[in-house]
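Dear colleague,

I am handing over the structure that follows, and I would be grateful if you could look through it alongside the notes below.

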Amino acid sequence: MRSRLNLLLLAVAICFVPMTLRAQVDTGTIVGAVKDATGGVIPDATVVLTNVGTGIKTTLKTGADGTYVATPLKIGDYTVSAEAQGFKTQTRRNIVLQVQDRLRVDLELEVGNISEQVIVEDAPPALETETSSLGDVISSSQITTLPLNGRDYTQLAVLTSGVSRTDLGDNGNNGGSFASNGARATLNNFLLDGIDNNSNDNGRNVLQTSVDAIAEFKVQTNSYSAEFGRSGGAVINATIKSGSNDFHGTVFEFIRNSALDARDYFADPREPKPLFQLNQFGGTLGGPIIKNKTFFFADYQGSILRDEQTQISTVPMPAERDGDFSASGVNIYDPATTDPNNENARVQFEGNRIPSSRFDSVAKAFMDLYPNPNVPGVTRNNYIQTGRFTDKIHSTNVRVDHSFSSRHQLFGRFAYNNQHTETPAPLPGLANGGGSRTGDTFINAEGVSLGDTFTINSATINEFRGGFTRLKEDRGLPFEGQNYPPPELRVPGVPDNPATNGLAVLQPSCCRRVGDPSFSPTLITTYESQVSDTVSMIRGPHTLKMGVQIRRSQFNIFQVNAPRGRLSFNGRFTRDPSTGDGGSSLADMLLGYTNNARLSSLSDLGNRQGSYGGFIMDDWKATPRLTLNLGLRYDYTSPIVEVHDEQANLDFATGEIVVPDLNKVTDPGKFKFQQGKNRALVDGDKYNFAPRIGFAWMPFADGKTVLRAGYGMYWSAQEYRTAGGNQLAYNIPFYVESAFTSSVNSSAPKIQVSTGFPPQDLDQVVDVAVVSADARLKSPYYQHWNFNLQHQLPWAVTLEAGYAGSKGTHLQVGTDRNQVHAPIPGNEEPDRPYPQYGPFLNFENRGSSIYHALQLKATKRLSGGFDFLSAFTYAKAIDDQGPVCCSYLFPQDSMNTAAERGRADLDQRLRWVTSFNYDLPFGAGHQHNTQNQVGDALLGGWSLGGIRHRWPRYH
C-alpha cells in the first residue's frame with residue numbers, strides 16, 4: 001500500500017514539474033459572455049480589456065459559447081469592450097477589479113455598424129457569482145481614510161464577519177493579532193505581492209507596510225481556493241500600488257500630542273500630564289518611466305513616538321529590607337528551629353525580626369537595590385516611576401512594473417523596515433526589574449518580490465513569482481551593555497560570559513523582581529524564500545490553473561530563560577509548617593532561601609525547514625448560472641532540522657535522549673543517549689492531500705441573487721515557531737537548564753543565594769526539564785465549510801447571510817508526559833514516570849477545535865462618495881487546548897486532554913462591526929462647488945469616516 005501511495009505522489013510531482021506555486025494570488029480575473037439583444041451568444045467576438053491607469057490592453061476572442069475569460073489581470077480600473085461584425089461596439093466602464101476577484105462582466109451588443117459605439121457607465125453588481133469563498137476586499141480608500149491606531153492595515157481585517165481581535169481575550173498564547181472562523185491566530189497567512197510575508201516568531205506579518213502604499217488587500221476567511229496553502233487561518237493578501245501614466249503623489253503627517261489628551265483617571269491631578277508625542281509622516285510618488293510601458297511607485301513613512309510611561313510597583317518597606325517585620329502583620333518563623341513542644345512546628349523570630357547575622361550577604365545586596373517607597377500610606381503599589389519610552393520606525397517600498405508587450409509583463413518590488421525601541425525599566429539603576437523587552441530593541445526587515453506574467457497563447461498564461469523576506473531582531477539589550485556584576489552582587493555558579501553578563505534576577509512573590517530580566521537578550525533572524533509558478537489554461541467552460549511552490553525557512557534564535565540565574569522566594573521557609581501560619585517571601589529572600597532556582601546554559605540554534613506544495617483548480621462554468629469551483633492541493637512540510645545537528649528528543653519507550661549525531665555527545669554524565677534515525681528526530685506527514693469544492697448559483701434570471709457553498713481541507717503543518725525553550729534544541733546535552741525546586745516542608749533550600757549554583761555538568765544537574773515531540777508527527781489541518789446567500793439591492797448595496805463552520809484536527813498542543821499523577825506530599829520526584837527528569841514540554845498533534853457561526857453582512861461599494869461595510873457574527877468556538885507559547889498552561893491531566901474541552905480562548909459569541917466613509921460634497925468636482933480656488937482648498941477634500949464595534953467581549 002505504501003509503495004502505491006509513493007508512486008502516486010511521484011506522479012503528482014511529475015505533473016507539476018513544468019509549472020514550478022502560488023498562482024496569481026495578487027491579481028484577478030474577469031469573465032463574461034457576449035450576447036445579442038435576444039440573448040443569443042456571439043462566438044468569435046473580439047474583447048478588449050484596458051487598464052485605465054497604465055493603458056495596457058488585453059485582447060482575446062469569445063469561444064463557441066460566446067464566453068471569455070481574462071486571467072490573470074493586474075488589479076485596477078478597467079474598461080471592457082466587445083465588437084463583432086454586424087454589431088455596434090459596446091464598451092463598459094467603471095469596472096473595478098480587486099485582488100482575487102473573479103468578476104463577471106457581460107456585454108450585450110446591438111445590431112449595427114461596428115464603428116458605432118455604445119458606452120455603458122454602470123459598474124457590474126458587487127456579487128460573488130463565480131466563487132464560493134468568504135471574505136472581503138478592503139480598498140485603498142478604506143485603508144487610508146478609516147481610523148487606524150499606528151496605521152497598521154492588518155487591523156482592518158476585523159471589519160469582516162467571522163474575524164475577531166485576539167488581544168481582547170488573550171491568555172498570552174494567542175499570538176497574531178486576530179483570529180478567523182475558529183482557527184488559531186498564529187495560523188493566518190500574510191502575502192505581499194504574492195510572496196510569503198509571515199513571521200516565524202509571532203504569527204504576524206514581517207513587512208510593516210505604510211497604508212498609503214497598499215493598493216488594497218483581501219481577507220479570505222473560509223473555503224478559499226486550492227491556490228492557497230500553508231495554513232488554515234485567514235489569508236491576508238495585500239498588493240503594493242503601481243505607477244500609472246500620470247504622476248501621482250501624496251505628502252502626509254499625523255500628529256498626536258498629550259496636550260490634546262485627557263488626564264489618566266488614576267493620575268495625580270497635581271502632577272503634569274505625562275508626555276505623549278506621536279508623529280507619523282511621509283509620502284508617495286508614482287508615475288511613468290516610459291509611457292504605456294514602464295512605471296514606478298515609491299513611498300516612505302517615518303514614525304516617532306515619545307511616551308512617558310508610568311509604571312507602578314510594589315517594593316519592600318524600609319524596615320522589611322532590614323529584617324524588621326514587626327509592623328508587617330505577618331509572623332515569620334525561623335526555619336533553623338524546632339518548637340520543643342511540637343517537632344513539626346517552628347519558633348517565631350524574636351520580635352518578628354531577622355538578626356542581621358542571619359542575612360544572606362548576596363541576597364541582602366540585592367535587597368538594598370530596591371528604592372524606598374514613594375507613595376505614602378500604602379504597602380502595595382507603593383512605588384511609581386515614570387520613564388521615557390521611544391519608538392522610531394522608518395519604512396520604504398519601491399516597485400517597478402514593465403510591459404514588454406501585451407503578452408509579457410514584469411514587476412519587481414523592494415521593501416525595507418527599520419525600527420529602534422527604547423523601553424524603560426520600572427525600577428531605577430541596577431534594580432531594573434523589567435521584562436524581556438526592557439532596554440534597546442533593534443528590528444530590521446527586508447523583502448524582495450519578482451513577478452513575470454507571459455501569455456503563451458490566447459488560452460494559456462504562465463505566471464512566475466519569486467522573492468524573500470528577512471527579519472533581524474535584537475531585543476532587550478541593556479542600555480549600559482552586558483557587564484559582569486560587582487562582587488557583592490555575584491551569584492556563585494553564574495558564568496562570566498560577555499554575551500549575557502548582568503545581574504541575576506531575584507523574585508520575591510510579594511514584590512517587583514529585582515535584577516536583569518529573564519529571556520534577555522533575545523537575538524532572532526528569520527528568512528523565508530519562495531519560488532512559485534502557475535499555468536492558467538482556458539478550455540471552453542473550464543478555467544484550469546495548475547501550479548507548484550517551493551518555500552525554504554530559516555529561524556535562528558539566541559534566547560534562554562535564565563542565563564544569569566533566576567531565584568524565586570514565596571515565604572515557604574518562614575512559615576510554620578504545622579499550622580501554615582505566617583511566612584514572607586522577603587524574609588525568605590533575606591535568608592537566601594529559594595523555593596525555586598534556575599540557571600540556563602547558552603543555546604544559539606538555527607532551525608531549517610522546507611515546504612513544498614502543488615495544486616490543480618478548475619473553475620467550471622457548468623451552466624450560464626452555475627459555476628463549480630473544484631480543486632485539489634498537496635502540501636508537504638519537512639520536519640525541523642537544526643543546522644548544527646544540536647537538538648534532541650526523548651525515546652519514551654527507553655527513557656533515553658535521542659540525538660542526530662551520537663559523536664557530539666562527549667560527556668553523557670548520568671544520562672543515556674541513542675542515535676536518531678534522521679536529523680529531524682521525527683517523521684513528517686507525507687500524505688497531505690486537500691480537496692476544495694464549491695459552487696455559485698444564480699437561481700433567478702435577473703442575476704441579483706447568488707446561492708453559494710464551499711468545503712475545503714487546509715493543512716497547517718508549519719505552525720509558527722515558539723521561542724523561550726520550546727524547541728528540541730533546548731535539550732541536554734546541548735542545552736542545560738538546571739531547576740532546583742525545594743520540597744514543601746523542607747527546612748533548608750536546595751539552593752541558597754550566597755552559595756549559588758553547582759557546576760552545570762550532566763552528573764550534577766537535577767530536575768532537568770525535557771522538550772520532546774512525538775516521533776511520528778501528524779500534520780494539523782482544518783476543514784472549512786459554508787453556505788451563503790447574497791442579494792443585490794439598489795444603490796450598489798449587497799446583503800449577505802450565511803453559515804460558516806470549521807473543525808481543527810491534530811492541532812499542535814503541549815503536555816507534560818512526566819506529570820505526577822499521585823504525588824506524595826513533599827516527595828514528588830519518585831512518582832514521575834521518568835524520575836531522572838523534571839517536567840516535560842511534549843509537542844503533540846492531538847488538539848482539536850470546532851466552530852459554528854451565523855454571519856450577516858451588508859456592503860456598499862463606493863458610489864456617490866459613500867461606502868460602508870457592516871458585519872455581524874453570532875458564533876461559538878470550542879477547543880481542548882490552545883497553542884503552545886509564552887504563558888502556556890499545561891492540562892490538569894496530560895493523559896486526558898479531552899477533559900479540557902470547553903469554550904476556546906478566542907471564543908466571541910456576539911460581534912457587530914460597522915465601518916463607513918463619506919466624502920463630503922464640497923469643493924471642485926462635487927455637488928457644492930464654491931467656484932473659488934481658495935474656497936475649494938479650504939472646504940474640498942474632506943471626508944467623514946469611522947468604525948463602530950458592538951459586543952467586542954470574549955466569553
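Arg-566 has Arg-598 of β32 as its bridge partner, and Leu-567 is placed opposite Ala-597 of the β32 strand. Please keep in mind that this is a predicted model, in which local features need pLDDT of at least 70 and side-chain atom pairs count only at pLDDT 80 or more, while totals for chains, interfaces and linings use all residues. Residues are numbered from 1 along each chain as its sequence is written, and side-chain values use heavy atoms, with hydrogens and water left out.

The two strands involved, β29 (residues 566–569) and β32 (residues 596–600), run antiparallel and are joined by three bridges. Strands and helices here are DSSP runs numbered from the N terminus (E, at least two residues, for strands; H or I, at least four residues, for helices), and two strands are said to pair if DSSP finds at least two bridges between them. β32 also pairs with β41, again in the antiparallel sense, over five bridges, and there Ser-600 stands opposite Glu-737.

Together these strands belong to an open sheet of four, ordered β26-β29-β32-β41, with mixed pairing. The edges are taken by β26 (505–508) and β41 (737–741), and since each has a single partner strand, one side of each is left without a neighbour in the sheet. On average, neighbouring strands of this sheet are turned by 10 degrees against each other, direction ignored (axes are lines fitted to C-alpha atoms, for helices over the stretch in contact, and angles run from 0 to 180 degrees between N-to-C directions).

In a regular strand the side chains alternate between the two faces of the sheet. From β32, Asn-596, Arg-598 and Ser-600 point one way, whereas Ala-597 and Leu-599 point the other way. Five of the five residues of β32 are buried, where buried means under 20% relative accessible area, exposed over 50% and partly exposed in between (1.4 Å probe, protein chains only).

**The whole protein**

The protein contains six helices and 49 strands, and buried residues account for 56% of its 955 residues. Its radius of gyration is 32 Å, which agrees with the value near 30 Å that a compact globule of 955 residues would have; the radius is taken over C-alpha atoms, and the globule rule is 2.2 Å times the number of residues to the power 0.38. Along the principal axes, the C-alpha atoms fill a box of roughly 115 × 75 × 45 Å.

**Backbone details to check**

Most residues other than glycine have a negative phi, and most peptide bonds are trans. Two cis peptide bonds deserve a look: one joins Thr-71 and Pro-72, with omega about -10 degrees, and Pro-72 lies in strand β4 (residues 67–73). The other runs from Ile-732 to Pro-733, with omega near 5 degrees, and Pro-733 is found in the loop between β40 (705–715) and β41.

Asn-352 has a positive phi near 60 degrees and sits in the loop between β21 (347–348) and α4 (361–367), where Asn-352 is buried, with a relative accessible area of 7%. Trp-795 likewise has a phi near 60 degrees and belongs to the loop between β43 (781–793) and β44 (797–815), but Trp-795 is exposed, with a relative accessible area of 70%.

With best regards
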